[in-house]
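Visitor: Hi, I'm new to this one and would like a walk through it. Could you start with whatever I need to know to follow you?

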Amino acid sequence: LPANSLDKEKTSDKLRVVYMERGADRHGKFKEVIRDTVEKIGNLDFVDFIFKPQPRSNALFFNVSPSMRVAYNENSAALIEWADIVIVTISSIIFEVMWQGKIAVEAEFFHEYKLLFQEYGVGWHVKSYQKLVDALLEVKKNRSLKPYPDENVKRFLGEFVYGGEYGCDVLTNYKNAILNIAGKSYVKQG
């Protein structure tokens, strides 16, 4: 990964919050709710807020105020490292948030789907703007807060990253699977 240009030191007592955009213009009827929420969160006096466009397009799908801090050039892993809380919706970035041990807040009022992180009990699921603000305030008061169990995170990562066995060597498993297939289908000439 490129070097992280975000400051490592806490320069203020503000809560560091990143919103990870889901990409493409798939917001549908929730577009205005998302835009309004992002603007409001960005204007909270206790929050240092960064908006991260979806990396493949690096585009905004709604207008934000010129004062909004938008991270076009910062990589997502560095933003997560910087953040106290990452607001996610329908995105695989949840894996990096979990991997780094950060708090993922999933704004259920941004969509109408049931997501796997809900089923696995990972992510702080909020159903309204006020519940989102309440969650931010709670973390501001208690930076060591863990709103969901580590066992759920391990189970989630174990299933979707490690293929069912948390902590296994995924690359070696893939290599062995490929070699096994190649060995079975390889026919020596001569």
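Guide: Let us begin with a term: the axes mentioned below are lines fitted to C-alpha atoms, for helices over the stretch in contact, and the angles run from 0 to 180 degrees between N-to-C directions. Please also keep in mind that this is a predicted model.

Visitor: Okay, so how do the axes of helix H1 and helix H5 cross?

Guide: Helix H1, residues 31–42, and helix H5, residues 129–141, have axes that come within 11 Å and cross at roughly 30°. Angles under 35 degrees count as roughly parallel, and H1 and H5 are therefore roughly parallel to each other.

Visitor: And is the crossing right-handed or left-handed?

Guide: H1 passes H5 in a right-handed crossing. On the H1 side the contact is made by Thr37, Lys40 and Ile41, while H5 brings in Tyr129, Leu132, Val133 and Leu136. Sorted by class, this contact of H1 with H5 has five nonpolar residues, one polar and one charged.

Visitor: Let me pick one of those. Is threonine 37 buried or exposed?

Guide: Threonine 37, which is found in helix H1, counts as buried because its relative accessibility is 5%, and the cut-off for buried is under 20%. Not counting residues up to four places away in sequence, threonine 37 touches Phe109, Phe110, Tyr129 and Leu132.

Visitor: Stepping back, how many helices and strands does the protein chain have?

Guide: The protein chain has seven helices and five strands, and from the N terminus on its elements run β-α-β-α-β-α-β-α-β-α-α-α. Of the 190 residues in the protein chain, buried ones make up 43%. If you consider the contacts with a separation of 6 or more, residues 24 or more positions apart account for 60% of them.

Visitor: Changing topic, which residues of helix H6 are buried?

Guide: In helix H6, residues 150–160, the buried residues are Asn152, Val153, Phe156, Leu157 and Gly158. These buried residues of H6 pack against helix H3, at 94–99, and helix H4, at 116–119.

Visitor: What is valine 153 in contact with?

Guide: Leaving aside its neighbours within four places in sequence, valine 153 is in contact with Met98, Val122 and Tyr148. Valine 153 counts as buried because its relative accessibility is 11%. The C-alpha atoms of valine 153 and glycine 101 are separated by 8.8 Å, although the two residues are 52 residues apart along the chain.

Visitor: What about the loop between S2 and H2, where is asparagine 75?

Guide: Asparagine 75 is found in that loop, which lies between strand S2 (47–52) and helix H2 (76–82). With 15% relative accessibility, asparagine 75 counts as buried. A polar atom of its side chain lies 3.1 Å from the backbone nitrogen of alanine 77.

Visitor: And serine 57, how does that count?

Guide: Serine 57 is also found in the loop between S2 and H2, but at 36% relative accessibility serine 57 counts as partly exposed. Along the chain, serine 57 and tyrosine 72 are 15 residues apart, and their C-alpha atoms are separated by 9.9 Å.

Conventions:
Residues are numbered from 1 along each chain as its sequence is written. This is a predicted model: local features need pLDDT of at least 70, side-chain atom pairs count only at pLDDT 80 or more; totals for chains, interfaces and linings use all residues. Side-chain values use heavy atoms; hydrogens and water are left out. Helices (H or I, at least four residues) and strands (E, at least two) are DSSP runs, numbered from the N terminus. Angles under 35 degrees count as roughly parallel, over 145 as roughly antiparallel, 65 to 115 as roughly perpendicular and the rest as oblique. A crossing is left-handed if the near helix is turned anticlockwise from the far one by less than a right angle, and right-handed if clockwise. Contact means heavy atoms within 4.5 Å. Ala, Val, Leu, Ile, Met, Phe, Trp, Tyr, Cys and Pro count as nonpolar, Asp, Glu, Lys and Arg as charged, and the others, Gly among them, as polar. Buried means under 20% relative accessible area, exposed over 50%, partly exposed in between (1.4 Å probe, protein chains only). A polar contact is a pair of N or O atoms within 3.5 Å; within protein, one must be able to donate a hydrogen and the other to accept it, and residues adjacent in sequence count only if both atoms are side-chain atoms.
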